[in-house]
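This briefing goes through one protein chain by topic. Keep the sequence and the model side by side while reading.

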Amino acid sequence: MGSVGVLILFMVAGAVICAKARVAAGAVAFSLIALVLFVATPVGSGLPDAISTFVSAFDQAATPALNGAETVGAGS
């Protein structure tokens with residue numbers, strides 16, 4: 001997979017062309033293929049962990065608000 005950068009570039013270009021032509025399914029397909037190719041590279045291998053950490057932090061911050069729990073120091 002030595003030329004994965006070129007493949008990613010073609011996938012992004014294909015997504016832009018499909019978006020300009022208002023072909024939503026094609027743009028989504030090209031974008032997903034580009035994302036999979038990016039995650040397969042050493043640079044993008046940390047992306048799933050980064051997304052997992054972000055979602056986990058967001059969930060931990062939102063859970064008390066959704067459950068109606070008071071935070072320490074809040075209220076009178």
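This is a predicted model: local features need pLDDT of at least 70, side-chain atom pairs count only at pLDDT 80 or more; totals for chains, interfaces and linings use all residues.

What percentage of the 76 residues in the chain is buried? Buried residues account for 16% of the 76.

**Overall make-up**
- The chain has 3 helices and 0 strands, and its elements run α-α-α from the N terminus on.
- Its accessible surface comes to about 5900 Å², and carbon and sulfur atoms hold 72% of that surface.

**Nonpolar core**
- The largest nonpolar core has 5 residues: Val4, Ile8, Met11, Ala34 and Leu37.
- Helix H1 (4–20) and helix H2 each contribute at least two residues to this core.
- H1 provides the largest share of the core, with 3 residues.

**Thr41, a loop residue**
- Thr41 sits in the loop between helix H2 (24–40) and H3.
- Is Thr41 buried or exposed? Its relative accessible area is 12%, and the cut-off for buried is under 20%, so Thr41 counts as buried.
- Apart from neighbours within four places in sequence, Thr41 is in contact with Val4 and Ile8. Val4 and Ile8 are also among the residues of the largest nonpolar core.

**Helix H3: length and bend**
- H3 covers residues 47–67, which is 21 residues.
- From its first C-alpha to its last, H3 reaches 30 Å, close to the 30 Å expected at 1.5 Å a residue.
- Where does H3 bend? The bend is at Ala61 and comes to about 25 degrees.
- Just after H3, Gly68 has a positive phi of about 80 degrees.

- The structure contains 1 aromatic pair. Its members are Phe54 and Phe58, with ring centres 6.5 Å apart.
- Why is the pair of Phe54 and Phe58 described as stacked? The ring planes stand at 25 degrees, and planes under 30 degrees apart count as stacked, so the pair falls in that class.
- Both Phe54 and Phe58 belong to helix H3, where they are 4 residues apart, about one turn of the helix.
- Phe54 has a relative accessible area of 59%, and the cut-off for exposed is over 50%, so Phe54 is exposed.
- Phe58 is likewise exposed, at 57% relative accessibility.

Note on methods: Residues are numbered from 1 along each chain as its sequence is written. Side-chain values use heavy atoms; hydrogens and water are left out. The expected span of a helix is 1.5 Å times one less than its number of residues. The bend at a residue is the angle between axes fitted to the seven residues ending there and the seven starting there. Rings of Phe, Tyr and Trp (its six-membered ring) pair if their centres lie within 6.5 Å; planes under 30 degrees apart count as stacked, over 60 as edge-to-face and the rest as tilted. Buried means under 20% relative accessible area, exposed over 50%, partly exposed in between (1.4 Å probe, protein chains only). Contact means heavy atoms within 4.5 Å. A nonpolar core is a set of buried Ala, Val, Leu, Ile, Met, Phe, Trp, Tyr and Cys residues joined through side-chain atoms within 4.5 Å. Accessible areas come from the Shrake-Rupley method with a 1.4 Å probe; for residues, only the protein chains shown count as cover.
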